[in-house]
Amino acid sequence: GGRGWLGRVGGGCDYQFWQKFVVVALADYDFASLKGNISALGVAGGISGDEKMTWAWAGGGRLGYLPWDTLMVYMSGGYTQAHFNGTIFTPVAFTTSGTTYSGWFLGSGYEYRFDMLPGLYWRTEYRFNSYNSKDIHVGGPTPGVFINSEKFVQTVTSSLVWRFNWWR
């Protein structure tokens, strides 16, 4: 498991159809400090170290439903990339370099419109990110050592969103 913080900026385009359904194209970028643990049991009798996801971006879409005018519930999905910094393993001084992973995401959430402030929405979203596995070179006393690393990141975000087309 991991812990930390992230800040997200993003943009998108919504299209409402059949009165209650919304389709959305989206892109966002995360500034992050999500720390986790990585271990390699087969290297030097077992080593472990801390690593950190420092940024991620995603592009994809959402399909939403409006149970009433001020609330949209939705599912989202698409392509994502994330960068993890290098790792220093203990008890032996092995290291890895920073690596960028590619993968996909699925999410679910809601947006609530504040009628008293036109254009302002509250969004809460759960997102599961799965990144492709990579063989990462482990530097240190023994050359040619690699570990296979596969990343899964789960986030829950809550944010205020400003929509520029609120007058429609």
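This is a predicted model: local features need pLDDT of at least 70, side-chain atom pairs count only at pLDDT 80 or more; totals for chains, interfaces and linings use all residues.
Two residues are in contact when heavy atoms of each lie within 4.5 Å. In soluble globular proteins, nonpolar side chains tend to be buried together.

**Nonpolar cores**
- The largest nonpolar core contains 18 residues.
- Met 53, Ala 82, Phe 84, Phe 89, Tyr 131, Ile 147 and Val 153 have the most contacts inside this core.
- Two or more core residues come from each of β2 (21-40), β3 (47-68), β4 (71-84), β9 (134-138) and β10 (145-149).
- β2 gives the most to this core, with four residues.
- A second, separate core has eight residues, among them Val 22, Val 24, Leu 66 and Tyr 74.

**Thr 99**
- Thr 99 belongs to strand β7, which covers residues 99-113.
- Thr 99 has a relative accessible area of 12%, so it counts as buried, the cut-off being under 20%.
- Beyond its neighbours within four places in sequence, Thr 99 contacts Ala 82, His 83, Phe 84, Lys 134 and Ile 136.
- Thr 99 and Tyr 112 are 13 residues apart along the chain, and their C-alpha atoms are separated by 37 Å.

**Nonpolar surface patch**
- A nonpolar patch on the surface, with about 1,200 Å² of accessible area together, includes Tyr 15, Trp 18, Tyr 65, Tyr 112 and Leu 160.
- β2, β3 and β7 each supply at least two patch residues, and β3 gives the most, with three.
- Tyr 65 lies in strand β3 and is partly exposed, at 36% relative accessibility.

Note on methods
Residues are numbered from 1 along each chain as its sequence is written. Side-chain values use heavy atoms; hydrogens and water are left out. A nonpolar core is a set of buried Ala, Val, Leu, Ile, Met, Phe, Trp, Tyr and Cys residues joined through side-chain atoms within 4.5 Å. Buried means under 20% relative accessible area, exposed over 50%, partly exposed in between (1.4 Å probe, protein chains only). Patches are made of residues with over 30% relative accessible area and no salt bridge: like charges are joined within 9 Å, nonpolar side chains (Val, Leu, Ile, Met, Phe, Trp, Tyr) within 5 Å. Accessible areas come from the Shrake-Rupley method with a 1.4 Å probe; for residues, only the protein chains shown count as cover. A salt bridge is a side-chain nitrogen of Lys or Arg within 4 Å of a carboxyl oxygen of Asp or Glu.
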